Amino acid sequence: MNINMTLIGQTIAFAIFVWFCLKYVWPPISNALHERQKKIADGLDAASRATRDLELAQERANETLRESKEQASQILEQANKRSAQMIEEAREQARAEGERLVAGARAEIEQEIHRAKDELRAQVSTLAVAGAERVLEASVDEKAHRKLLDKLAAEL
Amino acid sequence: MAGNTPSPSEYIRHHLQNLTFGKHPENGWSLAHSAEEAQEMGFWALHLDTMGWSIAMGALFIWLFRKAGKVATTGVPGTLQNVVEMVIEFVELTVRGAFHGRNSVIAPLALTLFVWIFLMNFLKLIPVDYVPEIFLRLGVDYMKMVPTTDPNATLGMALGVFLLIIYYSLKVKGAGGFAKELSLTPFNHWSLIPFNLVMELIGLLVKPLSLGLRLFGNMFAGEVIFILIALLPFWAIWVLDVPWAIFHLLIITLQAFIFTVLSVVYLNQAHEHH
């Protein structure tokens, strides 16, 4: 076990290897390691953020769904109400129309009756005059007896 | 061993001898052909196998990790990137636990130490005779493959860490602050400065020594046991070799980890004010 120059040689070799490692070996690998660490951390961060976003979105979607369901039911209800109202209105209108028609017809009938009565009255008076003429064999002065005849007609 | 079978002690000694190139007093600069020759070379010798294998493992580490770094994406990583990132994250976590200052050198330093030592230790799991035998056929007498079983290698790395400890102590605390820490702790009184100085200097010097010797001791002991097992008859080898190798998977990782963590802890102390 001789101690000799190998000792110095080994020290020099050691120094060179350490220097080389320090200069060319350690930095690229260490950098890659730390960068990957950062990348993974970022990725995990992003993933958790995305999960949170997803949760929020789901919540929002549920909310929207519920709202729209509510709205739909509201609209349906309104439509139902509206249709019932419309039916009611239509019925009302129809009834009013009917009544109006009936009233109109009745009025016409009455009018017709009046007119017929008037006509009848006029004819009766003419007839009466004709009859009277025949009875009296003389003509009756229509102008002189107009008043009398009208009165007669009115009494009919 | 080809030809005549060596005695067990020869076999062990042969396996524990480094391939040494150095300045022999008689032969000049040459390869040592025996342990005695290597001994005679003294300090001016170089263990070619230790240097070669450790640099090869260091280069393998740099090449692998650089390759992963070049194609590193922030997206889905490939297999290599996955493994490399796992190691880096492990080291980063360890450093963050043990080192409280702000210094961008510490983590790459710890990564280099951990992976490099692990790879050097890992060479031990290659059966003890394979590679030396190949080199013997090629005409190379000695080949001690695992650099961390050579105290030069482990103490060399510990020396590197030690120099960094001194450097950062001076840089963070200043020369005055560092001197004050060495002379006024643990007893804050002027009359005890020599005592403090001795204690602190011993403490400081023991750090690299313990780092290097712990790793060396563990690896060397394991290697010796592997060699001893290899001396058994061939049918008995695997019975002991397999459990020992599996156990060593744990040891080599653990020792690499201990060296790394202690280095980081020492460097943390260098950064802290008392």
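**Figure 1. Surroundings of Ile227(B) in the predicted model.** Once neighbours within four places in sequence are set aside, the contacts of Ile227(B) are Tyr11(B), Ile12(B), His15(B), Leu16(B) and Val128(B). The model shown here, as in every figure below, is predicted. Ile227(B) belongs to helix H8 of chain B. Its relative accessible area is 0%, so Ile227(B) counts as buried, the limit being under 20%. Asp129(B) lies 98 residues from Ile227(B) in sequence, yet the C-alpha atoms of Ile227(B) and Asp129(B) are 8.6 Å apart in space.

**Figure 2. The largest nonpolar core.** This core comprises 63 residues. Within the core, Phe65(B), Leu111(B), Met157(B) and Phe259(B) have the most contacts. Two or more residues of the core come from each of several elements: in chain A, helix H1 (6–136), and in chain B, helices H3 (48–70), H4 (79–98), H5 (106–122), H7 (151–184), H8 (193–230) and H9 (234–271). The greatest contribution is that of H5(B), which supplies twelve residues. Apart from this core lies another, of seven residues, which include Tyr11(B), Leu16(B), Val128(B) and Ile229(B). As a general background, nonpolar side chains tend to be buried together in soluble globular proteins.

**Figure 3. Contacts of Phe259(B).** Phe259(B) is one of the residues with the most contacts inside the largest nonpolar core. Which residues are in contact with Phe259(B), leaving aside its neighbours within four places in sequence? They are Leu113(B), Ile117(B), Thr154(B), Met157(B), Ala158(B), Val161(B), Leu211(B), Gly212(B) and Leu215(B). One of these, Met157(B), is likewise listed among the residues with the most contacts inside the core.

**Figure 4. Leu249(B) in helix H9.** Leu249(B) is found in helix H9 of chain B. Beyond neighbours within four places in sequence, Leu249(B) is in contact with Phe122(B) and Leu125(B). A separation of 131 residues in sequence divides Leu249(B) from Phe118(B), whereas their C-alpha atoms are 9.8 Å apart in space.

**Figure 5. Phe187(B) in a loop.** Phe187(B) is placed in the loop between H7 and H8 of chain B. This residue is partly exposed, and its relative accessible area is 38%. If residues up to four places away in sequence are not counted, Phe187(B) touches Leu192(B), Phe195(B) and Asn196(B).

Figure 6. Nine helices and three strands make up the listed elements of chain B. Their order from the N terminus is α-β-β-α-β-α-α-α-α-α-α-α. The C-alpha atoms fill a box of roughly 70 × 55 × 35 Å along the principal axes. Chain B has 274 residues, of which 44% count as buried. Of the contacts in chain B between residues at least 6 apart in sequence, 69% join residues at least 24 apart. Chain B exposes about 13600 Å², with 71% of that area supplied by carbon and sulfur atoms. There are 15 positive and 18 negative side chains in chain B, and 13 Å lies between the centres of the two sets.

Figure 7. An unreviewed UniProt entry assigns the feature "transmembrane region" to residues 7–26 of chain A. In the model, this span is 100% helix and 0% strand, and its end C-alpha atoms lie 26 Å apart. The feature "coiled-coil region" is placed by UniProt, again in an unreviewed entry, at residues 47–126 of chain A. Residues 47–126 of chain A are 100% helix and 0% strand, with 114 Å between the end C-alpha atoms.

Terms used. Residues are numbered from 1 along each chain as its sequence is written. Chains are lettered from A and ligands numbered from 1 in the order in which they are written. This is a predicted model: local features need pLDDT of at least 70, side-chain atom pairs count only at pLDDT 80 or more; totals for chains, interfaces and linings use all residues. Side-chain values use heavy atoms; hydrogens and water are left out. A nonpolar core is a set of buried Ala, Val, Leu, Ile, Met, Phe, Trp, Tyr and Cys residues joined through side-chain atoms within 4.5 Å. Buried means under 20% relative accessible area, exposed over 50%, partly exposed in between (1.4 Å probe, protein chains only). Helices (H or I, at least four residues) and strands (E, at least two) are DSSP runs, numbered from the N terminus. Contact means heavy atoms within 4.5 Å. UniProt positions are given in the numbering used here, feature names are shortened, and annotations may be inferred rather than shown by experiment. Accessible areas come from the Shrake-Rupley method with a 1.4 Å probe; for residues, only the protein chains shown count as cover. Lys and Arg count as positive and Asp and Glu as negative; His and the chain ends are not counted. The place of a charge is taken as NZ of Lys, CZ of Arg, CG of Asp or CD of Glu.
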